[in-house]
Amino acid sequence: PMVASCVEHQSIAGFLPIWALWGKDNQCMIGTHSIPLLADAYFKGLLGGNDPERVYRAIRATLRENHPRRQKENWDVLDRYGYYPFDKIRSESVSRLLECAYDDWCAGVMAKKLGFADDAAFFFKRSENWRNVFDASIGLVRGKDSNGKWREPYDPYTLGHGADKANDFTEGNAFQYTWHVMQNPQGLVDAMGGRDAFVKKLDSL
């Protein structure tokens with residue numbers, strides 16, 4: 001029933017649920033984490049009587065098509081820059097990118113299994129966009145503008161909260177969100193300079 005409900009939601013709203021409340025999506029959170037749920041159900045054989053390709057088409061539409069009623073995922077901006085520039089996306093720019101990148105990876109593994117090679121390549125590539133907001137000089141993520149310049153001043157402990165404020169994070173900060181590369185932990189280890197540097201940074205958290 002949960003899978004069918006998600007797919008039906010997409011057929012009506014145009015995108016999979018983010019946080020449905022009282023019959024509609026309240027749009028207050030980021031990413032679309034019904035996508036990992038659906039991909040996980042597919043790989044575990046838990047789609048029930050739902051057609052895997054129909055489920056995948058709902059995922060693809062959610063991650064590729066802009067919707068005027070969707071407030072926090074702007075695919076045209078993301079695909080143009082490879083990240084959400086904070087001068088184009090006023091709030092939560094880094095958190096939005098990182099959470100969407102995980103959804104992209106989940107879509108990629110499902111696309112690959114179903115034989116949609118071009119889609120899989122697209123989603124796997126976009127899932128690596130976390131690298132575009134990772135500042136190797138400090139080993140942390142941070143906001144970047146449309147000219148490729150890091151946000152200044154920068155304090156990795158500053159909490160981001162609220163979609164109506166200029167900030168780069170959602171209910172968290174750079175120190176916390178840096179670890180949100182669940183789709184490629186070894187890539188994050190390497191980006192930080194190897195295991196020892198990674199462990200030292202993790203201990204500092």
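1. Contact here means heavy atoms within 4.5 Å, and helices are DSSP runs (H or I, at least four residues) numbered from the N terminus, as are strands (E, at least two). The model is a predicted one, in which local features need pLDDT of at least 70 and side-chain atom pairs count only at pLDDT 80 or more, while totals for chains, interfaces and linings use all residues. Residues are numbered from 1 along each chain as its sequence is written, and side-chain values use heavy atoms, with hydrogens and water left out.

2. In the packing of helix 3 against helix 5 (residues 93-114), the axes lie 10 Å apart at an angle of about 145°, where axes are lines fitted to C-alpha atoms, for helices over the stretch in contact, and angles run from 0 to 180 degrees between N-to-C directions. From helix 3, Pro 52, Val 55, Tyr 56, Ile 59 and Leu 63 meet Asp 103, Asp 104, Ala 107, Met 110, Ala 111 and Leu 114 of helix 5.

3. Helix 3 (residues 52-64) also meets helix 6 (residues 117-126), their axes coming within 12 Å and crossing at roughly 45°. Helix 3 is therefore oblique to helix 6, the class left over once angles under 35 degrees (roughly parallel), over 145 (roughly antiparallel) and 65 to 115 (roughly perpendicular) are set aside. Tyr 56, Arg 60, Leu 63 and Arg 64 of helix 3 make this contact with Asp 119, Phe 122, Phe 123 and Arg 126 of helix 6.

4. Asp 168, in the loop between strand 4 (140-141) and helix 7 (174-177), counts as buried because its relative accessibility is 7%, the cut-offs being under 20% relative accessible area for buried, over 50% for exposed and partly exposed in between (1.4 Å probe, protein chains only). Beyond its neighbours within four places in sequence, Asp 168 is in contact with residues including Phe 86, Ser 93 and Arg 151.
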